[in-house]
Amino acid sequence: MHSNDLASAKWIRYPGDPGADNTYTLFHTTFQADTTKKIVLRLSVAGNYACRINGRLAAFGQYTDFPANKTYSETDVTGCCQNGCNTVEITTYFGSNRFSSHLDGEPGLIAAFFNGGDVVAASSADWLCTRDEHYLAGPDVTILSGSLNYCWIFDANRDPGTDRWNHAEEIAYRPVRPRPTPPVVMKDFIPGKLIRQGKLLRNSPEELHGKLYESDIRDPETESNGTYFLYDLGKEYAGLFAMELTASAGTVLDIAHGEYLTDGDHVRGIIFARTFVDRYTAKEGTQTFTHVVRRAACRYIEVHVTGGVADIHKIGLISTELPGESMATPPYVTADPFFMKAHEISAETLRLCLHEKYENCPWREQSICTYDARNQMLFGYGFWGNYRYADAMIRLFGESLRPDGFIAVAAPGGLKISIPSYTFQWMAAVYEYTLYSGDEQLFADLAPQIRKMIETILARKAANGLHIPPEEHLWNYCEAPALENMPYPPNAFYNLYLAEALEDMGQIFGGEYGESLTQHAAELRQICVEVFYDPATGLYADHITPEGIRKQFHGHIQMLFLACDGVDKIRLMNAILDGEVPFPALGAVPYLIKYIFRYGSAAERKKLHEKIKSHYAIMLDSQTWWEVIDGIRYGAGSGSLCHGWSAAPAFYDSSYILGITPLTPGYRTFRFSPYSGGMDHASGTVATPHGTITVSWQKTAEGLKAELTVPSGCEAVLMPYPEEPVAELILHRIE
């Protein structure tokens, strides 16, 4: 049989599987192979999977797709195969449809092995399956977080169920297509270094699974009930949890992971409704364990050992990263050590927040919101290009469209709520993708949907001409932690983000319809200026209470008004930069950079340059950028210390210090506007669809002496800032 797709395979499941939450299922088959020819596995599951061939991990990691638009992963498994008979075991994990990082749909698996192009095994009712009873299953297991999934509880003493095989049940065919991004690959094992151990003074492990926080550490005179071990990976990593140990049978290891230490220099395992603690019950002797079907991210691992004795030989994460070297830190040199360090931290943060898709943060979410995704795309364009991932993510969000014209808060995911302004960010991301990549196909595919969304959204209008969101299934989130939910629509926040989306869509649609969107954006901004201006302060409120009181004078709001005509832009900029109003959240900093460089004078640009240094300097020792400037204090300890939406220095590096931004799609023409901020020199690279632009400049008494290496298909347009004249430009072309 010869085939290059999955047409010969059947969707199968455990017989009668109703789709119960948190279940682990094993599928088994064998096939004959000739290892002189390439052997490829194509596989799709509901949930997640790990495939072992002859006992070796050969493939793992389902793309997080929507059930109605399934994707398969293709993996070269030749290195795990042998001539003759090969044994296959596929562990599938079905989480549920209630979390924001995935949407599993209904249980099922489809797979085929190809040997030199010929199908040598394809899923069918001939395959065997059983429940993997090593794991405690079911919805009563502790939930890690509302974003991620359940904790895992593994007992090495239990029979996995391989003496109780059943024939799989064939189910209705579901269309399946190649996944749009490649699977992540395992890289190095990152061992934790033991930094502290001691007696564990706590209740029995059965009293409360995974209870690891300060109330566990009792009076030192109380009788010990075990031992704790604290490990440090040196910095944050994302990957598969793995360990090797020697233990007595029945020894319980409660394993907490986290980004930071607190509660007396311990990992906080429980943070309100989140539980970052898994459990391993050891068998007798030396054993190894790797949990493959849920990625972890952390710097610290703390193990509580009770009910026996365990000698932990090694413990840590097997790092999982994108294949190849596509996200190596791009070259960058400046005279200021801060920007050198910030460049490295930006790259590291963005890497940790991109696996099969973008992620808000790798530790407690691994889901993605459009504001976060839009930022990560924008930051990644100059660093790496990463257009493939941006295209996939934008399309994935597009599949979550709701009848009210908004897209879901996270995609794919089980949450029904939407953050209205995040839908407008998605539209902005479509525009920026087209501008930076030069690829017009994405917009062509989405244009009918976007037009319908706009018509639905604009149909909801208040008496004063501003727009209002629907009332159901919304989270009127603005930014964390400083802004309250906006309870009095219409508000400026919603309408100004809508205006940006309309302006962006106007440019990309073009024609009469595009002009109408551009005009509507201008009208919306003008109404906001008239409605929300407060003469007493010279600032703008977000909303007006029923009593007629203007409320919420935040830096984020003033920042959005910078895009409006008829406002005192210098007044608003200085209110933000001088601390008269709260500084916008880290995720909004790209807007502030863009607007101040567009509308400000030399004084405001210099002030912003120094503000970026002082603001981000707080985070330098963490080696990743935080979710909010409050760090772990946000959410009483739930603030993430690695959040891709905060990597604005990456945007500042490429677009302002190096000074490269596209003027026409795909950098066919690009603006060259380098900014020194008082530094003597800078050099680096900016990725484009045509190749890499290399930039170097030095400050002289006459102005900047700059050198550009430009790939074929790109044309530089010199547009210097008044305070940064370019005295000399040496241009090299790569044909």
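The crossing of H10 and H11 is left-handed, a label used when the near helix is turned anticlockwise from the far one by less than a right angle. This is a predicted model, in which local features need pLDDT of at least 70 and side-chain atom pairs count only at pLDDT 80 or more, while totals for chains, interfaces and linings use all residues. Residues are numbered from 1 along each chain as its sequence is written, and side-chain values use heavy atoms, with hydrogens and water left out.

Back to the helix pair. H10 covers residues 589–599 and H11 covers 602–617, and their axes come within 9 Å and cross at roughly 160 degrees. Helices here are DSSP runs of H or I with at least four residues, strands are E runs of at least two, and both are numbered from the N terminus. Axes are lines fitted to C-alpha atoms, for helices over the stretch in contact, with angles from 0 to 180 degrees between N-to-C directions. H10 and H11 are therefore roughly antiparallel, the term for angles over 145 degrees.

Who touches whom? On the H10 side you'll find Val589, Leu592, Ile593, Ile596 and Phe597, and they meet Glu604, Arg605, Leu608, Ile612 and Tyr616 of H11; contact means heavy atoms within 4.5 Å. That contact has 8 nonpolar, no polar and 2 charged residues. Nonpolar means Ala, Val, Leu, Ile, Met, Phe, Trp, Tyr, Cys and Pro, charged means Asp, Glu, Lys and Arg, and the others, Gly among them, are polar.

H10 also turns up in the largest pocket, giving 7 residues, the largest share of its lining. The volume of this pocket is about 740 Å³. Pockets and cavities come from a 1 Å grid over the protein atoms alone: a cavity is a set of points where a 1.4 Å probe fits but cannot get out, a pocket is an open set with protein on both sides within 12 Å along at least five of seven lines, and lining residues have an atom within 4 Å of a point. Points are joined across faces, edges and corners, and a volume is the space filled by probe spheres set on them. Of the 31 lining residues, Leu435, Lys594, Arg598, Tyr656 and Thr661 lie nearest the centre of the largest pocket.

Now look at E22 (285–306), one of the strands giving two or more residues to the lining of the second largest pocket.

Notes:
Parallel < 35°, antiparallel > 145°, perpendicular 65-115°, else oblique.
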